[in-house]
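User: I have a structure open and would like to go through it step by step. Can you help me read it?

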Amino acid sequence: MKGFNTKAVHVGQKPEGLTGAVISPIYQTSTYAQEAPGKHKGFDYTRADNPNYRNLEAAIAALEEGAYATVFSSGIGAELAVLNLLKAGDHVVAGDDLYGGTYRLFTQWGMRFGLSFDFVDGTNPKAFEKAIQKKTKLIWIETPTNPLLKTTDIKAVATIAKKKKILTVADNTFATPYFQKPLNLGAAMSLHSTTKYIGGHSDVIGGVVVTNDKKLKEKLNLARMSLGINPSPFDCWLTQRGLKTLGLRMERHQENAKAVVQFFKKHPLTKKVYYPGFGGMVSAEFKLTVDQTKKLISSFEYFTLGESLGGVESLVCHPATMTHASIPPKERVKRGLSDSLVRFSVGIEDVEDLLDDLKNTLSRFG
Ligand SMILES: Cc1ncc(COP(=O)(O)O)c(C=O)c1O
């Protein structure tokens, strides 16, 4: 089975054996009957495993062209599991334009548990190399980045890391496996907030880590069970339903995002547009005060003001006060994340309606 959409529809979703139901049931159970103590059909407790986890894991692993996946309660849960591959004293080199919650996990939790972090310019593979210390065990890439949409050369960074036996994890949430497959570029792990494009409908929170390394998979499963960062069976079922249209949605997100980029580029109120050249995320700065910017983004008809991204509906957010508020203001300025930056998650609506919405709303500020 080769095609992306064919895999999205068919892998991990064979008709169910008992009744022939085309769609897998939701195994909404906490526990499983055992024939004799320890003798069971491969499942003993849902914090450890569940058929809905396995179905979703098979599908995502296939799309990422990886061997194994482990699903988690959230993207942050997946990140916590990756950090738990480390031990106190270990060092992490990370890109400097990360999702605010990732930064918070590193600095407010990771550091308390004895990990240390260096944040480097993600667009420069040499910067990762320079920051590597003897105790460096992990390189953390997020590409494209959130919210400045800068890209990291995964292959170049992973090659540097491999030479020093350091693991590389790439947060592939923004690109999705439709546009980017980090494992094929040499990363040891590809991580997602499945809350975003993979689920695709803003109705479920989840995370996943994909790898080709069986030992890592086993450790990630152990972390899920030990830390209690497992998803619910229903959430996995919902995520898998969304996943089936990932390819179709990403094409449409991208088509609409490109039209939005063109519109912004020509608009007299635009100061700067950020777009990595693919995908559905666009960031922009306008020739407006911060207060005007906040008013602007509260006034759209179809771009709902809200956190998150990657759903079928268009969203807009103000990173400095919303998704990235957990990054101290000084640190935000250092990273080029200005208070007037606006992030758009361009949905799959009719593009004429989206452009009209942007045009009409901006016209009130011109
Ligand atoms: C790039 C990226 N990684 C990870 C996360 C965290 O995922 P979750 O909200 O599912 O915990 C987010 C959330 O916005 C994100 O944007």
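Analyst: 26 residues of domain 1 are in contact with 27 residues of domain 2. Two residues are in contact if their C-beta atoms, placed from the backbone, lie within 7 Å. This is a predicted model, in which local features need pLDDT of at least 70 and side-chain atom pairs count only at pLDDT 80 or more, while totals for chains, interfaces and linings use all residues. Residues are numbered from 1 along each chain as its sequence is written.

User: Which helices supply at least two residues of the side of domain 1 that touches domain 2?

Analyst: Helix 1 (4–10), helix 4 and helix 7 (176–179) each do. Helix 4 gives the most to that side of domain 1, with four residues. Helices (H or I, at least four residues) and strands (E, at least two) are DSSP runs, numbered from the N terminus.

User: What classes of residue are on that side of domain 1?

Analyst: The side of domain 1 that touches domain 2 has 13 nonpolar, nine polar and four charged residues. Ala, Val, Leu, Ile, Met, Phe, Trp, Tyr, Cys and Pro count as nonpolar, Asp, Glu, Lys and Arg as charged, and the others, Gly among them, as polar.

User: Where are the domain bounds?

Analyst: Domain 1 covers 4–243 and domain 2 covers 247–363; the bounds come from an automatic or database domain assignment. The C-alpha centres of domain 1 and domain 2 lie 27 Å apart.

User: Back to helix 4. Which of its residues are buried?

Analyst: Gly100, Thr102, Tyr103, Phe106 and Gly110 are the buried residues of helix 4. A residue is buried if 20 or more other C-beta atoms lie within 10 Å of its own, exposed if 12 or fewer, and partly exposed in between, with C-beta atoms placed from the backbone. Seen down the axis of helix 4, these buried residues fall within an arc of 170°, so they line one face of the helix. The arc is that of the directions from the helix axis to the C-beta atoms.

User: What covers the buried residues of helix 4?

Analyst: The cover includes helix 3, strand 2 (91–95), strand 3 (116–120) and strand 4.

User: New topic, the ligand. How many residues surround it?

Analyst: 16 residues surround the ligand, and the closest are Ser74, Gly75, Ile76, Ser193 and Thr195. The elements giving two or more residues to this shell are helix 3 (75–83) and helix 4 (100–110). A residue is near a molecule if its C-beta atom, placed from the backbone, lies within 6 Å of it. By class, the shell has four nonpolar, ten polar and two charged residues.

User: How many residues does the largest nonpolar core have?

Analyst: The largest nonpolar core has 64 residues. Such a core is a set of buried Ala, Val, Leu, Ile, Met, Phe, Trp, Tyr and Cys residues joined through C-beta atoms within 7 Å. Those with the most contacts inside this core are Ile60, Ala81, Ile139, Val169, Met189, Val209 and Val210. Helix 2 (residues 51–63) gives the largest share of the core, seven residues. Another core, of 29 residues, lies apart from it, with Phe264, Ala284, Phe286 and Leu341 among them.

User: Where are Lys165 and Ser202?

Analyst: Lys165 is in the loop between helix 6 and strand 5 (167–171), and its phi is near 55°, a positive value. Ser202 is in the loop between strand 6 (189–193) and strand 7 (207–211), with phi near 50°, also positive. Lys165 is exposed, with 8 other C-beta atoms within 10 Å, whereas Ser202 counts as buried, with 20 C-beta neighbours inside 10 Å.
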